[in-house]
Structures are given as C-alpha cells and as structure tokens.
Amino acid sequence: MSARYILVLYYSRHGATAQMARQIARGVEMAGLEARLRTVPAVSSECEAVAPSVPEDGAMYATLDDLKNCSGLALGSPTRFGNMAAPLKYFIDGTSNLWLTGELVGKPAGVFTSTASLHGGQETTLLSMMLPLLHHGMLVCGLPYSESALLETRGGGTPYGPSHHAGGDGKRALDEHETALCRALGQRLAQTASKLER
Ligand SMILES: Cc1cc2nc3c(=O)[nH]c(=O)nc-3n(C[C@H](O)[C@H](O)[C@H](O)COP(=O)(O)O)c2cc1C
C-alpha cells in the first residue's frame, strides 16, 4: 500500500506555530507526499461556548478520521509554561478509541514548537508532545545532526524536533535554519512513511 498523506496537526494562537506547520507541509510535498494541514479549536473558558465547526480562516479543524487515516503525523504547539497548549492536549485526550484499536501503532510521527524566549521550554514542550505519541505506539522521529542547521542555528532547532524563537512580541519570522529544519522534518516523515508502507 502506498503512503497517502502526512497529517500536520497543530494549535497556533498568534500564527508562529502555523508558520512552522506550513514549512513542514512544504517538506512533506518536496518528498512527494500530500500534506494535510489541520488545526484544533481554542478551549473556551466558558464551558458552554461552542466554536463554529469551520474556522474563520486558516486550516480546517482536525477530525479523528484525519488522524486515523494518516500515514504519518507532525504535531505542533506553542509552548505554554514549558508544556503543550491545552487545545491540542484536549484533542489528544479525545483519541482513546484510536488507542484502543491500535490505529496509530507503527506510524511515524514528529513534533514542533514555537516559544517567546529562546530557552523558555522548547525542548520540554517537544518532549511533552512525544509522550502521548509513544502511548499510541507511534515511531517518533527527531532530527539527525546530519542536518547542518542543527549546529549552525542561532535561533530554534533541536534534535527532538524543529523549534522557533518567536521573540517577546511574537514577531520574529522563521529564520533560514528554523525553516530548513521544519522542511527536514516534513521530508523525513514522508520518506519514512513511504518506506514503511512499501
Ligand atoms: C499562557 C502562556 C504561556 C506561555 N508560556 C511560555 C513559556 O513557558 N516559554 C516561552 O518562551 N513562551 C511562552 N509563551 C509564549 C508562546 O509560547 C509564544 O509566543 C509562541 O511563539 C506563540 O505561538 P503561536 O504564535 O503559534 O500562538 C506562553 C504564552 C502563553 C499565552
């Protein structure tokens, strides 16, 4: 069976993580696979508030079928106190049926994040996102040091996955190394998925 698509699933409140997601999708497509960009709605502080089923702009909201049928997954979140953001965690907490049926077992996955401060929790956030993926039996891919940007970067970029330093005002754009590492993850997931599904 040939690989079908890599799901690039992320939450982004101010756009930095969304920018990374688009570069990861570019990497997936450079490796010849379809990238499916999907987001999750914000978690409301009012329990009764319900978000519209279609977002005003940007990527569509993810469904469990998007996750179930993917050939691989890139999961991204801004740092929230060194951890993944609640809206993404909320979505993941709704995947029990996929865990019970083992739908994600053996599929490749990677993680990415954006932070305001350079040392404000990129690696812990990336690791926090790996935990549920490991429980699902996914094969977690990091980034190898054969990616020269890992050694050259003055911003984000880790062996655990791509990261971005957005700055205190959130306006710092992805630099060339951060961009290269996002694309590298996309390519790596697509190539791994294709090999596994051969
Ligand atoms: C509640 C909250 C907690 C945050 N915690 C951190 C943190 O621990 N470290 C950090 O560097 N940035 C932190 N930030 C900043 C965001 O992670 C950062 O601005 C990120 O780039 C936003 O991504 P986005 O543009 O995709 O929403 C926090 C922001 C919020 C709202």
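**View 1. The lining of the largest cavity has eight nonpolar residues, two polar residues and no charged ones.** Here Ala, Val, Leu, Ile, Met, Phe, Trp, Tyr, Cys and Pro count as nonpolar, Asp, Glu, Lys and Arg as charged, and the others, Gly among them, as polar. The model is predicted, so local features need pLDDT of at least 70 and side-chain atom pairs count only at pLDDT 80 or more, while totals for chains, interfaces and linings use all residues. Residues are numbered from 1 along each chain as its sequence is written, and side-chain values use heavy atoms, with hydrogens and water left out.

**View 2. The largest cavity has a volume of about 60 Å³.** A cavity is a set of points on a 1 Å grid over the protein atoms alone where a 1.4 Å probe fits but cannot get out, and lining residues have an atom within 4 Å of a point. Among the lining residues are Leu9, Phe91, Thr95 and His136. Strand S4 (72-78) and helix H3 (86-93) each supply at least two residues of this lining.

**View 3. The largest nonpolar core has 26 residues, and Ile6, Ile24 and Phe112 have the most contacts inside it.** Such a core is a set of buried Ala, Val, Leu, Ile, Met, Phe, Trp, Tyr and Cys residues joined through side-chain atoms within 4.5 Å, where buried means under 20% relative accessible area with a 1.4 Å probe and protein chains only. Helix H7 gives this core its largest share, seven residues.

**View 4. Ile6 is in contact (heavy atoms within 4.5 Å) with residues including Val28, Leu33, Leu73 and Leu189, leaving aside its neighbours within four places in sequence.**

Methods
1 Å grid on protein atoms, 1.4 Å probe; cavity = no way out; pocket = protein on both sides within 12 Å on 5 of 7 lines; lining within 4 Å. Points joined across faces, edges and corners; volume = space filled by probe spheres on them. Helix = DSSP H or I, 4+ residues; strand = E, 2+ residues; numbered from the N terminus. Buried < 20%, exposed > 50% of the residue type's maximum accessible area, 1.4 Å probe, protein only.
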